[in-house]
Amino acid sequence: MVTDVAVTRAANTATVLGGPTALIHLAGWTLLTDPTFDAAGTEYQNGPVVVRKTAGSALDPSQLPALDAVLVSHTEHQDNLDTAGRAVASGASEVFTTVAGAEDLGGAAVGLEPWQTRTLSKPGRTPLNITAVPARHGPVGTEAITGPVTGFLLHTDDGSAPTVYVSGDTVDLDAMSALADRHRVDVALLHLGAAGFEAFGDIRLSLTAAQAVEARRLLGDPLVVAVHAEGWAHYTEDRNHVQQTFDAAGAPLHWPTLGRPVTLPDPHTR
């Protein structure tokens, strides 16, 4: 397993660690998304379903670099925030999540309303904006079952770093279209895999491959990095299916090697 994440603060990279968890180095800041660090094989009873982790993280929490912020799309489901991940979030100086998630986590957690922006700012660094993007964890009408979710847009006012969209668990393509109307998107970390459970029938709780292809188009054809598409048992579409769907549409897709940084595009050359 590759665990070399030694990158300089000057580099803009995304390093997928497993499931929804990614380290993002952007504009001199280091952020962690949806921390999940419990061992492979761990099972969780979540309402009427059992969620089972099938693969571990590329890094242990002790191997993480110093974090400027943790982004939690939602706190209700262990495949986005497990027991060890909660410990990581609780120790962070800045945590951004939904309003309900902030009440759940307490401490330093800040709940963001849709389209609300908070800015990371320190002397000598380019300020980094974190904007909450509306999300819906399933078809219209499933909100009461799945609970609130948010995506995040990471962007600088001066455009010196690529603009990065972290979708969270969502199938809300209208929100992605609205995002593209407001901001340029250079990179999209899309939660794929078409998550589903027998108890919910044909309902899919994250993007299908076909939806992801459409999401890319709506977002203005950014670099798409596959996230939250392996490592848990409840995905209904595997890597081959997703890749074939993107290939058939002529849409590029980057499927990262866990623990290996992906260099993000220069916004001035895209």
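Helix α6 is followed by G250, a residue with a positive phi near 65 degrees. Helices here are DSSP runs of H or I with at least four residues, strands are runs of E with at least two, and both are numbered from the N terminus. The model is predicted, so local features require pLDDT of at least 70 and side-chain atom pairs count only at pLDDT 80 or more, while totals for chains, interfaces and linings use all residues. Residues are numbered from 1 along each chain as its sequence is written, and side-chain values use heavy atoms, with hydrogens and water left out.

Within α6 (residues 239-248), the buried residues are V242, T245 and F246. They cover an arc of only 95 degrees around the axis, which puts them on the same side of α6; the arc is that of the directions from the helix axis to the C-beta atoms. Buried denotes under 20% relative accessible area, exposed over 50%, and partly exposed the range in between (1.4 Å probe, protein chains only). An α-helix has 3.6 residues a turn, so residues three or four places apart point the same way. The other side of α6 carries the exposed residues N240, Q244 and A248. The cover over the buried residues of α6 includes α5 (209-218) and β14 (223-227).

T245, a residue of α6, is in contact (heavy atoms within 4.5 Å) with A209, A210 and V213, leaving aside its neighbours within four places in sequence. Its side chain also reaches the backbone oxygen of H241 at 2.8 Å.

In helix α5, the buried residues are A209, A212, V213, A215 and R216. Seen down the helix axis, these residues fall within an arc of 160 degrees, so they line one face of α5. They pack against α4 (173-182), β13 (187-191), β14 and α6. The face turned away from this buried side carries the exposed residues A210 and R217. The side chain of R217 makes a polar contact with the side chain of E214 at 2.6 Å. A polar contact is a pair of N or O atoms within 3.5 Å; within protein, one must be able to donate a hydrogen and the other to accept it, and residues adjacent in sequence count only if both atoms are side-chain atoms. The C-alpha atoms of R217 and Q244 are separated by 17 Å, the two residues being 27 residues apart along the chain. Helix α5 is followed by G220, whose phi is positive, near 90 degrees.
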